[in-house]
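Please read the points below with the sequence and the model open beside you. They go from the whole chain to a single residue and then to a ligand.

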Amino acid sequence: MLKSILASLLTLTVSQVAAQDGPYYGNQSAPFYLVLKSENTTINGSYLSACHEGAAIEGLCLTPPSTSEYLHFTYNTSSYDPSATSGLLTWLLPAGNLNVSSSMRLSYGPASNVATPVIFPNDIDGTFVNFTAENQLGIKSYQDDTKPLPNYGEETVFRWYACMTYYGYLYHTLAWVMGKGEPQNPTCQKVEVFRIWA
Ligand SMILES: *[C@@H]1O[C@H](CO)[C@@H](O)[C@H](O)[C@H]1NC(C)=O
Ligand SMILES: *[C@@H]1O[C@H](CO)[C@@H](O)[C@H](O)[C@H]1NC(C)=O
Ligand SMILES: *[C@@H]1O[C@H](CO)[C@@H](O)[C@H](O)[C@H]1NC(C)=O
Ligand SMILES: *[C@@H]1O[C@H](CO)[C@@H](O)[C@H](O)[C@H]1NC(C)=O
Ligand SMILES: *[C@@H]1O[C@H](CO)[C@@H](O)[C@H](O)[C@H]1NC(C)=O
Ligand SMILES: *[C@@H]1O[C@H](CO)[C@@H](O)[C@H](O)[C@H]1NC(C)=O
């Protein structure tokens with residue numbers, strides 16, 4: 001009984017703190033565009049746009065440059081940890097009379113090594129990303145399982161590809177390949193992703 005009273009008091013305190021201090025990942029960057037670099041001149045220089053994959057869910061589709069809000073992304077880091085070197089890739093979903101800050105997560109399936117980045121409302125299950133000093137989008141690796149485990153180190157990996165993917169629709173989107181191997185989806189082409197301030 002006492003435990004459950006304490007637990008509900010604690011929950012109350014935590015939610016009050018959250019309500020007072022705003023979102024946990026509330027340190028937001030200026031807006032930027034995400035631009036692809038590729039050896040293939042057809043897709044080199046393509047931008048990424050939030051594209052409809054389902055109700056309040058977007059993918060990251062290849063698109064020509066434009067100043068549309070659908071191409072404006074931001075990077076949110078922890079409001080509490082100034083030393084954080086990873087954060088969320090965020091986008092503002094226009095939803096009628098309000099805008100909902102949404103974050104990118106990788107959608108994985110056990111049968112493929114190709115994951116699809118999708119944007120969902122809020123910060124739940126967001127995948128942490130990093131931008132290097134050269135503004136290149138990467139993801140941190142903290143253990144390398146190709147070597148004896150456990151091993152600890154911080155390495156930024158860049159396993160982005162442009163592929164035909166199917167989450168809600170068949171689109172040409174950004175994708176992420178898990179591990180060091182080649183993507184099993186034969187439509188995938190290697191790309192690098194850079195931010196350019198809007
Ligand atoms: C990102 O930061 C902004 C500014 O604090 C905030 O309004 C938004 O809710 C944050 N987004 C997420 C997904 O946490
Ligand atoms: C890709 O585009 C960039 C920027 O315009 C350019 O510097 C680079 O040479 C291009 N690469 C190829 C393979 O065309
Ligand atoms: C370049 O990209 C286009 C568009 O995805 C594709 O149709 C074409 O086959 C690619 N070219 C090469 C040489 O991979
Ligand atoms: C918020 O981000 C800025 C740079 O974008 C940084 O200078 C500042 O220390 C960050 N604050 C916290 C609390 O992480
Ligand atoms: C990305 O990681 C590097 C190396 O840890 C760090 O110096 C840099 O600040 C990080 N970038 C962002 C935008 O958090
Ligand atoms: C939603 O965001 C757009 C673009 O940033 C802005 O013009 C609009 O005023 C915002 N709407 C609300 C209700 O905040």
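1. The protein chain has one helix and 15 strands as its secondary structure, where helices (H or I, at least four residues) and strands (E, at least two) are DSSP runs numbered from the N terminus. This is a predicted model, in which local features need pLDDT of at least 70 and side-chain atom pairs count only at pLDDT 80 or more, while totals for chains, interfaces and linings use all residues. Residues are numbered from 1 along each chain as its sequence is written, chains are lettered from A and ligands numbered from 1 in the order in which they are written, and side-chain values use heavy atoms, with hydrogens and water left out.

2. Of the 198 residues in the protein chain, 42% count as buried, a word that stands for under 20% relative accessible area, as against over 50% for exposed and in between for partly exposed (1.4 Å probe, protein chains only).

3. Ser46 lies in the loop between strand S2 (32-37) and strand S3 (47-54), and Ser46 is buried because its relative accessible area is 11%. Leaving aside residues up to four places away in sequence, Ser46 touches Leu34, Val35, Leu36, Leu62 and Thr63, where contact means heavy atoms within 4.5 Å.

4. Around ligand 4 stand Asn27, Ser78, Ser79, Asp81 and Pro82, each with a heavy atom within 4 Å of the ligand. An oxygen atom of ligand 4 is 2.5 Å from an N or O atom in the side chain of Asn27.

How values were computed: A polar contact is a pair of N or O atoms within 3.5 Å; within protein, one must be able to donate a hydrogen and the other to accept it, and residues adjacent in sequence count only if both atoms are side-chain atoms.
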